[in-house]
Amino acid sequence: MRFILIPLPPHLPSRWHRVYVGRLASVSGLGAHDLRSAYIKKNGSWGLLKKWLANTSGYKCWYCEAKSTRAPFDVDHFRPKLGITVDGVKLAGHDGYYWLAYEWCNFRLSCQRCNRPEKDDGDVLHGKANEFPIRDEAKRCTLPADLLGAESPRLLDPCVQADCELLAHGLDGEVKPVAPDGSWEYQRARYTIDRLGFNEWNTPEDKRGRWQTLATLLAVVGDTSNPAVISEINKHLSHDHEYASFFRSAIGTHRDKAWVEALL
Ligand SMILES: [Zn+2]
């Protein structure tokens, strides 16, 4: 997970503002959940922002940094728009954050692995879907006027730099919590890694395989830099490279070489 910074004001597609104003007015005018739900399901206009969202991350999933070359990305609503589950159980009495259904700051570009529910070979369910646990349910926002800042989400948010720093990347290709076991920060990282399946679907094996190629190059050139190898390392460090956070961490294990240190 790499920090996503959207400079303000955001340069949204020109068409968006008109669509947004219309959708927001319609949702605000619908008093019953069933009507709102039907309207929002029918009007998934956030798809208009998919390209804009993809540009901010170099066409990578904001959560896992995968490039989705053979399946389209989803526009995930960080706070679910039509209902909430906590550890798989529907949260009674909450209709979801319907008032954020068309707010760009609630959108996260997500690969289908991170966003959609699917069981792994061990029958464990992964994928964010409508999951949105918070630390203290008493602070859960239920109305547009409530303060979202009072909630402490368990899921790490790629739009919060401090959240991204709670994840470490091992040479084994696995994502791990940084904070000590038992802390809230550890729980958040563990939950995010497991729920979104960062270490599932052969992802660590894929990362390890690619790192082996780089590690071999590093071993061959040793302490003497080489323009072709520098170019290859820089490519893996680039923000738009798939799993750049992992590669930055892996390349960082070669900081003893001055030329590598200079690249980081
Ligand atoms: Zn993903």
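I looked up Asn202 and found it in the loop between α6 (184–195) and α7. Helices here are DSSP runs of H or I with at least four residues, strands are runs of E with at least two, and both are numbered from the N terminus. I count residues from 1 along each chain as its sequence is written. The model is predicted, so I note that local features need pLDDT of at least 70, that side-chain atom pairs count only at pLDDT 80 or more, and that totals for chains, interfaces and linings use all residues.

I checked phi of Asn202 and read a positive value near 60 degrees, in a residue other than glycine. Is Asn202 buried or exposed? Asn202 is exposed, because 11 other C-beta atoms lie within 10 Å. The cut-offs I use are 20 or more other C-beta atoms within 10 Å for buried, 12 or fewer for exposed, and partly exposed in between, with C-beta atoms placed from the backbone.

I then looked at Ala129, another residue other than glycine, and its phi is positive, near 45 degrees. Ala129 sits in the loop between β6 (125–126) and α5 (161–164). I class Ala129 as partly exposed because it has 16 other C-beta atoms within 10 Å.

I also noted the peptide bond from Leu8 to Pro9, which is cis with omega near -5 degrees. Pro9 belongs to the segment before α1 (14–28). I log these entries because most residues other than glycine have a negative phi, and most peptide bonds are trans.

Leu5 counts as exposed because 10 other C-beta atoms lie within 10 Å. What is the C-alpha to C-alpha distance from Leu5 to Cys159? I read 6.4 Å, for a pair 154 residues apart in sequence.

Asp157 is in the loop between β6 and α5. Asp157 is partly exposed because it has 19 C-beta neighbours inside 10 Å. Leaving out residues up to four places away in sequence, I find that Asp157 touches Phe78 and Asp163. I take two residues as in contact if their C-beta atoms, placed from the backbone, lie within 7 Å.

I looked up Lys51 in helix α3 (residues 50–56) as well. Lys51 counts as exposed because it has 12 C-beta neighbours inside 10 Å. The C-alpha atoms of Lys51 and Leu109 are separated by 9.4 Å, and the two residues are 58 apart along the chain.

**Entry: helix α7 and its partners**

I compared the length of helix α7 (residues 203–221) with expectation: at 1.5 Å a residue its 19 residues should span 27 Å, and its end C-alpha atoms are 28 Å apart, which agrees. The expected span is 1.5 Å times one less than the number of residues. Gly222 follows α7, and I read its phi as positive, near 60 degrees.

Which residues of α7 are buried? They are Thr203, Lys207 and Trp211. I find them packed against α9 (244–251). In α9 itself, I list Ser245, Phe246, Phe247, Ala250 and Ile251 as buried. These α9 residues pack against β7 (167–169), α7, α8 and α10 (258–263).

I next took the pair of α7 and helix α8 (residues 227–237), whose axes come within 11 Å and cross at roughly 145 degrees. The axes are lines fitted to C-alpha atoms, for helices over the stretch in contact, and the angles run from 0 to 180 degrees between N-to-C directions. I recorded the crossing of α7 and α8 as left-handed; that is, the near helix is turned anticlockwise from the far one by less than a right angle, whereas clockwise would be right-handed.

On the α7 side I see Leu214, Leu217 and Val221, which meet Val229, Glu232 and His236 in α8. By class, this contact has four nonpolar, one polar and one charged residues. Nonpolar covers Ala, Val, Leu, Ile, Met, Phe, Trp, Tyr, Cys and Pro, charged covers Asp, Glu, Lys and Arg, and the others, Gly among them, are polar.

**Entry: domains**

I noted the division of the chain into domain 1 (14–195) and domain 2 (203–263), with bounds from an automatic or database domain assignment. Their C-alpha centres lie 31 Å apart. The contact takes 12 residues from domain 1 and 16 residues from domain 2. I sorted the side of domain 1 that touches domain 2 by class and got four nonpolar, three polar and five charged residues.
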